[in-house]
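Look at the sequence and the model below before reading on.

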Amino acid sequence: MKLIFLLLLPINAQAGLLDFLNIYQANTAYEQKDFKLAGEKFAAVDNDFARLNQANSLYKQGLYQQSLDKYQLIKHKSLDFDRLYNSGNAFAKSGKINEAIESYEAALKIRKDKDAEFNLALLKKQKRKKSKKSKDKKNNKKEKSPQKKPKKGKSNNKQQQKQKLSTIKQQRWEKALNKKLRTLMIPLNQPTDNHEQNPW
């Protein structure tokens, strides 16, 4: 029995050293915005902290569905808020507003966060606008009758200005989604939190 234990020890030590190297390379690549390499290196480490960062790397590459698949694999309780918040961002970027709202709401049940509250409020507002527009279209189709065409000019300019303003707001929000991603750079030294069990 002792001989088997001694034979396994070098393998465990090797795996730990390899994890250390992958983590170092992944963190470096992520900081240098080489998200593809970072994702590959994080994928080589088998724990939820690395999976979160792998999912974030996929998100940063615009691979939102793949990032969502990885977020769903994370089970570590201490990562629940980050997993849900980032999933909300990925759903929002994918145009899945209802799912994004659900993710932000679930994240906010864990703890209050200004970014999550802002994103949730913005999505709910967009959802209301979308709902109102679809109702207006239905009403317009019902009321359509041969009448004079409305005069173009001032009302058309106002509509264009509203559309430009809406586009600018959307662009700002898109930038915010990219900036506000929760990324936990995996430390190279041992975590000092006494309440959490060592993830490595």
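**A chain of helices**

Across the chain the average pLDDT is 77, and 66% of the residues score at least 70. Residues 1–14 have a pLDDT below 50, and beyond near neighbours in sequence this stretch has zero contacts in the model.

The model is predicted, so local features need a pLDDT of at least 70 and side-chain atom pairs count only at pLDDT 80 or more, while totals for chains, interfaces and linings use all residues. Residues are numbered from 1 along each chain as its sequence is written, and side-chain values use heavy atoms, with hydrogens and water left out.

What kinds of element does the chain contain, helices or strands? There are eight helices and zero strands. Both are DSSP runs numbered from the N terminus: helices are H or I with at least four residues, and strands are E with at least two. Read from the N terminus, the order is α-α-α-α-α-α-α-α. Of the 200 residues, 30% count as buried; buried means under 20% relative accessible area, exposed means over 50%, and partly exposed lies in between (1.4 Å probe, protein chains only). Among contacts between residues at least 6 apart in sequence, 57% join residues at least 24 apart.

Next come the pairs of helices. Two packed helices are described by the angle between their axes and the distance between the axes. The axes are lines fitted to C-alpha atoms, for helices over the stretch in contact, and the angles run from 0 to 180 degrees between N-to-C directions. Angles under 35 degrees count as roughly parallel, over 145 as roughly antiparallel, 65 to 115 as roughly perpendicular, and the rest as oblique. A crossing is left-handed if the near helix is turned anticlockwise from the far one by less than a right angle, and right-handed if clockwise.

Start with α2 and α3. Their axes come within 8 Å and cross at roughly 155°, and the two helices are therefore roughly antiparallel to each other. Helix α2 passes α3 in a left-handed crossing. On the α2 side, Phe35, Ala38, Gly39, Phe42 and Ala43 meet Ala50, Asn53, Gln54, Ser57 and Lys60 in α3. The residues of this contact divide into five nonpolar, four polar and one charged. Here Ala, Val, Leu, Ile, Met, Phe, Trp, Tyr, Cys and Pro count as nonpolar, Asp, Glu, Lys and Arg as charged, and the others, Gly among them, as polar.

Helix α3 (residues 48–60) also packs with helix α4 (residues 64–73), at an angle of about 165° and with the axes 8 Å apart. The pair α3 and α4 is therefore roughly antiparallel, and α3 passes α4 in a left-handed crossing. Residues of α3 that take part include Asp48, Arg51, Leu52 and Tyr59, and those of α4 include Tyr64, Lys70 and Leu73. The residues in the contact of α3 with α4 are seven nonpolar, four polar and three charged.

Further along are helix α5 (residues 80–93) and helix α6 (residues 97–110), whose axes come within 8 Å and cross at roughly 160°. These two are therefore roughly antiparallel to each other, and their crossing is left-handed. Among the residues that make the contact are Phe81, Leu84 and Phe91 of α5, and Ala100, Tyr104 and Ile110 of α6. The contact of α5 with α6 divides into ten nonpolar, four polar and two charged residues.

Which residues does Ser103 touch, not counting residues up to four places away in sequence? Ser103 lies in helix α6, and touches Leu84, Ser87, Gly88 and Phe91. Ser103 and Gly88 are 15 residues apart in sequence and 4.9 Å apart in space, C-alpha to C-alpha. At 7% relative accessibility, Ser103 counts as buried.

Lys33 sits in the loop between α1 (2–31) and α2 (35–43), and counts as exposed at 61% relative accessibility. Phi of Lys33 is near 65°, a positive value in a residue other than glycine. Gln126, in helix α7 (residues 114–143), counts as partly exposed at 22% relative accessibility. Gln126 and Ile97 are 29 residues apart along the chain, and their C-alpha atoms are separated by 8.6 Å.

Note on methods
pLDDT = per-residue confidence, 0-100. Contact = heavy atoms within 4.5 Å.
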